[in-house]
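This report describes how the parts of one protein chain meet and what surrounds its ligand. The sequence and structure come first.

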Amino acid sequence: MAILEVKDLKIYFPIKAGLLNRTVDHIKAVDGVSFQIEQGKTYGLVGESGSGKSTIGRGIIGLEKITSGKVYFNGVDITSKNGKEIRKNLQMIFQDPYSSLNPRKRILDIIAEPLRNFERLTKKEEIKRIEELLELVGLSKESMMKYPHQFSGGQRQRIGIARAIALKPKLIIADEPVSALDVSVQAQVLNFMQDIQKELGLTYLFISHDLGIVKHFCDEISIMYKGRYVEQGTKEEIFNHPQHIYTKRLLSAIPDMNPSNRDKQFRIRKKVQQEFDQRYHDYFDSEGLAYSLKPISETHLVALQEDVQKVR
Ligand SMILES: Nc1ncnc2c1ncn2[C@@H]1O[C@H](COP(=O)(O)OP(=O)(O)OP(=O)(O)O)[C@@H](O)[C@H]1O
Ligand SMILES: [Mg+2]
């Protein structure tokens, strides 16, 4: 059974206007998204800025009101009750290590927050747990008494990770966990996340706009565009057999580090852009939105107009 199952999730934000502040329209940040994640796997959610990635993560952990759809955690519908006990198993690492830690709180209180919400520990037990967590993320015991501004970005993200794993959750939603960090520190934090995944048997929902990182880190991948999925499949399917023109365009934009491939990459990009322009209406409706996903194999789904497969 999947540890997480999301069914036709919609999250709309009202747009208000006028003197009476009436709702005149909605931003469809997430517009009918479905997926599941198997225990112990890493599921990548990719898409350009504003495509709705963070909103999905925030909706799942209950930080954003869901307009419609269902979220099941280990088969239990967590949208229908407040399910505090279940939420304990679901934690989030936030996108920006600079703003996600309260600057007025000591590291001790930041990491202890989830523990205080869910477990009754004595002061001594709490200190011991926090020492263990700091050690696990590679920070000294003394860090406990310091404040967020006394740490670097990479260290802050480790503090965010320590907080996220404090309750030994089963699933962690990692929202661009390294995008604010230097490339050299990115690898460190990602390796560390992989180590604790093995150690604690974690499942990740990994949000990123960096396909290079996703290729290295994720088992299954979905590509999002304007609140909808355009394609979903295994890493192999997405990287070696992309089907949607939007996926192809994202892949062709990954920079090739080898300078002798520059001409080849330029030609590929040009070809992909041509296909994008010529076949746009096979892949996007009159509002420029993706069609619903259709399976082309057991694991590979692509958003296509009904009759496109026949046209080919
Ligand atoms: N609280 C909110 N109120 C109104 N609109 C919102 C709110 N939160 C997000 N949005 C809108 O929803 C859309 C999706 O935002 P979201 O933050 O999920 O994107 P994202 O894919 O995480 O982007 P990024 O890569 O920049 O983090 C955007 O158009 C955004 O402006
Ligand atoms: Mg985001």
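The C-alpha centres of domain 1 and domain 2 are 29 Å apart. Domain 1 covers residues 2–226 and domain 2 covers residues 243–312; these bounds come from an automatic or database domain assignment. This is a predicted model, in which local features need pLDDT of at least 70 and side-chain atom pairs count only at pLDDT 80 or more, while totals for chains, interfaces and linings use all residues. Residues are numbered from 1 along each chain as its sequence is written, chains are lettered from A and ligands numbered from 1 in the order in which they are written, and side-chain values use heavy atoms, with hydrogens and water left out.

**Between the domains**

The two domains touch through 7 residues of domain 1 and 8 residues of domain 2, where contact means heavy atoms within 4.5 Å. Together, domain 1 and domain 2 bury about 760 Å², with 73% of it on carbon and sulfur atoms. Buried area is the accessible area (1.4 Å probe) that two parts lose on being put together, summed over both. Of the area that domain 1 buries against domain 2, 64% is supplied by Leu211, Ile223 and Tyr225, more than by any other three residues.

There are 0 salt bridges between domain 1 and domain 2 (a side-chain nitrogen of Lys or Arg within 4 Å of a carboxyl oxygen of Asp or Glu). On the side of domain 1 that touches domain 2, 5 residues are nonpolar, none is polar and 2 are charged. In this classing, Ala, Val, Leu, Ile, Met, Phe, Trp, Tyr, Cys and Pro are nonpolar, Asp, Glu, Lys and Arg are charged, and the others, Gly among them, are polar.

**Around the ligand**

Ligand 1 is surrounded by 13 residues, of which Ser49, Gly50, Lys53, Ser54 and Thr55 are the closest; a residue counts if one of its heavy atoms lies within 4 Å.

| Residue | Atom in the residue | Distance |
|---|---|---|
| Gly52 | polar backbone atom | 3.0 Å |
| Lys53 | side-chain N or O atom | 2.8 Å |
| Gln95 | side-chain N or O atom | 2.9 Å |

Key:
Polar contact = N/O pair within 3.5 Å; in protein donor to acceptor, adjacent residues only side chain to side chain.
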